[in-house]
Amino acid sequence: MANSNYNELTHNGLWKNNVALVQVLGLCPLLAITTTTINGIGLGIATTLTLVLSNITVSLIRHSVRPEIRIPVFVLIIASFVTAIELAMNAYFHDLYKILGIFIPLIVTNCAILGRAEAFASKNAVVPSFIDGLMMGVGFSAILILLGAIREALGMGTLFAQAHLMFGEAGEWMTVTLIDDYNGFLLAILPPGAFIGLGLLIALKNVIDQRVQKKAAQVASPTATEDAIPAPSMAK
Amino acid sequence: MVLKHMLTTSLLLGVFAIVGTLMVALTFDNTEELIKENENQALLKSLNTLIPPENHDNDIANDTVTVTSKALLGNKKPSTVYLARQKGVPVAAVISAIAPDGYSGTIKLLVAIRYNGTISGVRVIKHRETPGLGDAIEIERSDWITSFNELSLKSPDELGWRVQKDGGIFDQFTGATITPRAVVKAVHHALVYFELNRDKLFTTPKKAPTPKRASKANGQ
């Protein structure tokens, strides 16, 4: 029983209730920072870490916080963690920190984090809260990285450029030049590219959901025609 | 009753505030030195690419003077000049200059000028120019910024210190003239400033090392 519960949490975070694709939260960093894959990885890790830590803490204190002050307390917790993470990043990944710049402190304002604290962690035990935070974070990171990779590939013709910012000199081999002497498709790197890319990703998710649902419906009742299939958005 | 409720609630909030602040303070305490070290290293690295370390023997990141020149260095606030010396003899100066008229906001530069007035190197340390167009001023994107190397006020002459579109010798980028124009102007101004103030810069009495100022100039 407990196992299937965790599976559902995982499915929720990674796919069904994905922060970026379904809840469409945290767009500001998502759109602004995903010009390269490495940026996406960096912000993804920082956001996931914040989500996990805040979810665990909120869950731990959920019985001792009075409802009137729960929101300020949650904000306080999240802000403290983000500041600590920002300092740690500045200390250990200084170059990456310089690129991500203002978007690290702005994690505080990522509604997804407060949203998970309020909607999930404040009502659930520590372990499920941890899983929820982790999966929501990983789901968000996956989109950050995917969008970063798409924009970087289209815009500059490379993948994992500036990997040394994150992995040190040892990471330089990671950089892949897809096309030599690529002139770059500027739109992909500029803000419109972020909106278009995210829109396409959301569309892709919906198409996949529809396919899956169609299949499920066919299995359930082999005689059903296409018209009989209910609206796809509430899949599962 | 209500009062008691309010009191415990605010007390609880206060406790969380204290715990949160404590955590941040603790992290700060643990990372402060490393961060300072990082910023110093980053600064030193960019200074070393501008003036090869074998050409000077002083601690260039901390041998600084602060100067103010709104007209020539683009900064109302004091900006830092790093001095390189070999056995006490002036070798070069690295001037932090600001190009106020970039396409989107100011562009922060480091301009390294040898004692004889030729440019040893220029680097952009902070800018917000359009990615893919204006950001060709970064050394990581193109080697345009190295076209300043070895130039001085005499070569080219004043008319040459412009982008080609304006009759000068510097390339502009396709689709972005404003950015290189701003950088060329700022570098030229820095050269003029150096010409006018060269000896004053190197004779200003040395101040105690101030890592804080060094980190500021790093362009955070």
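**Entry 1: chain A, overall**

I took helices (H or I, at least four residues) and strands (E, at least two) as DSSP runs, numbered from the N terminus.

I noted that this is a predicted model, where local features need pLDDT of at least 70, side-chain atom pairs count only at pLDDT 80 or more, and totals for chains, interfaces and linings use all residues. Residues are numbered from 1 along each chain as its sequence is written, while chains are lettered from A and ligands numbered from 1 in the order in which they are written.

I looked up the extent next. The C-alpha trace of chain A spans about 55 × 50 × 30 Å along its principal axes. Chain A has 236 residues, and 40% of them count as buried. I call a residue buried if 20 or more other C-beta atoms lie within 10 Å of its own, with C-beta atoms placed from the backbone.

Then I checked contacts, meaning two residues whose C-beta atoms, placed from the backbone, lie within 7 Å. I took the contacts in chain A between residues at least 6 apart in sequence; 75% of these join residues at least 24 apart.

**Entry 2: the cores**

I searched for nonpolar cores. Such a core is a set of buried Ala, Val, Leu, Ile, Met, Phe, Trp, Tyr and Cys residues joined through C-beta atoms within 7 Å. The largest has 56 residues. Those with the most contacts inside it are A:Ala46, A:Phe81, A:Ile85, A:Met89, A:Phe140 and A:Ile143. Several helices of chain A each supply at least two residues of this core, including helix 3 (37-60) and helix 7 (126-156). Which helix of chain A gives the most to this core? Helix 4 does, with 11 residues.

I picked out A:Met89. Not counting residues up to four places away in sequence, A:Met89 touches A:Ala46, A:Leu96, A:Tyr97 and A:Ile104. Another core lies apart from the largest one. This other core has 47 residues, among them B:Ala84, B:Val94, B:Ile145 and B:Phe170. In soluble globular proteins, nonpolar side chains tend to be buried together.

**Entry 3: helix 10 of chain A**

Helix 10 of chain A has 30 residues. From first C-alpha to last it reaches 44 Å, close to the 44 Å expected at 1.5 Å a residue. The expected span is 1.5 Å times one less than the number of residues. Which residues of helix 10 of chain A are buried? They are A:Gly193, A:Ala194, A:Gly197 and A:Leu198. Their cover includes helix 2, helix 7 and helix 9 of chain A.

**Entry 4: the sheet of chain B**

I turned to chain B. I found an open sheet of 5 strands there, in the order 1-2-3-4-5, with antiparallel pairing. Two strands pair if DSSP finds at least two bridges between them. Strand 1 (64-69) and strand 5 of chain B stand at the edges with a single partner strand each, so one side of each is left without a neighbour in the sheet. On average, neighbouring strands are turned by 25° against each other, direction ignored. Axes here are lines fitted to C-alpha atoms, for helices over the stretch in contact, and angles run from 0 to 180 degrees between N-to-C directions.

I went through the pairs:

- Strand 2 (residues 75-86) and strand 3 (residues 89-102) of chain B pair over 6 bridges. B:Val81 stands opposite B:Ile95.
- Strand 3 and strand 4 of chain B are joined by 9 bridges. They form a hairpin with 2 residues between them. B:Ile98 stands opposite B:Lys108.
- Strand 4 (residues 105-114) and strand 5 of chain B pair over 6 bridges. Their hairpin has 4 residues between the strands, and B:Gly117 in the turn has a positive phi of about 95°. B:Leu109 has B:Val124 as its bridge partner.

Why is strand 4 of chain B largely enclosed by the rest of the structure? Because 7 of its 10 residues are buried. Strand 5 (residues 119-126) of chain B is mostly covered, with 6 of its 8 residues buried.

Helix 3 (residues 178-203) of chain B lies across strands 1, 2, 3, 4 and 5 of chain B. This helix runs at about 145° to strand 3 of chain B.

**Entry 5: where the chains meet**

How many residues of chain A are in contact with chain B? I found 22, facing 17 residues of chain B. Helix 4 (70-92) of chain A gives the most to that side of chain A, with 11 residues. By class, the side has 13 nonpolar, 7 polar and 2 charged residues. Ala, Val, Leu, Ile, Met, Phe, Trp, Tyr, Cys and Pro count as nonpolar, Asp, Glu, Lys and Arg as charged, and the others, Gly among them, as polar.

Key:
A residue is buried if 20 or more other C-beta atoms lie within 10 Å of its own, exposed if 12 or fewer, and partly exposed in between; C-beta atoms are placed from the backbone.
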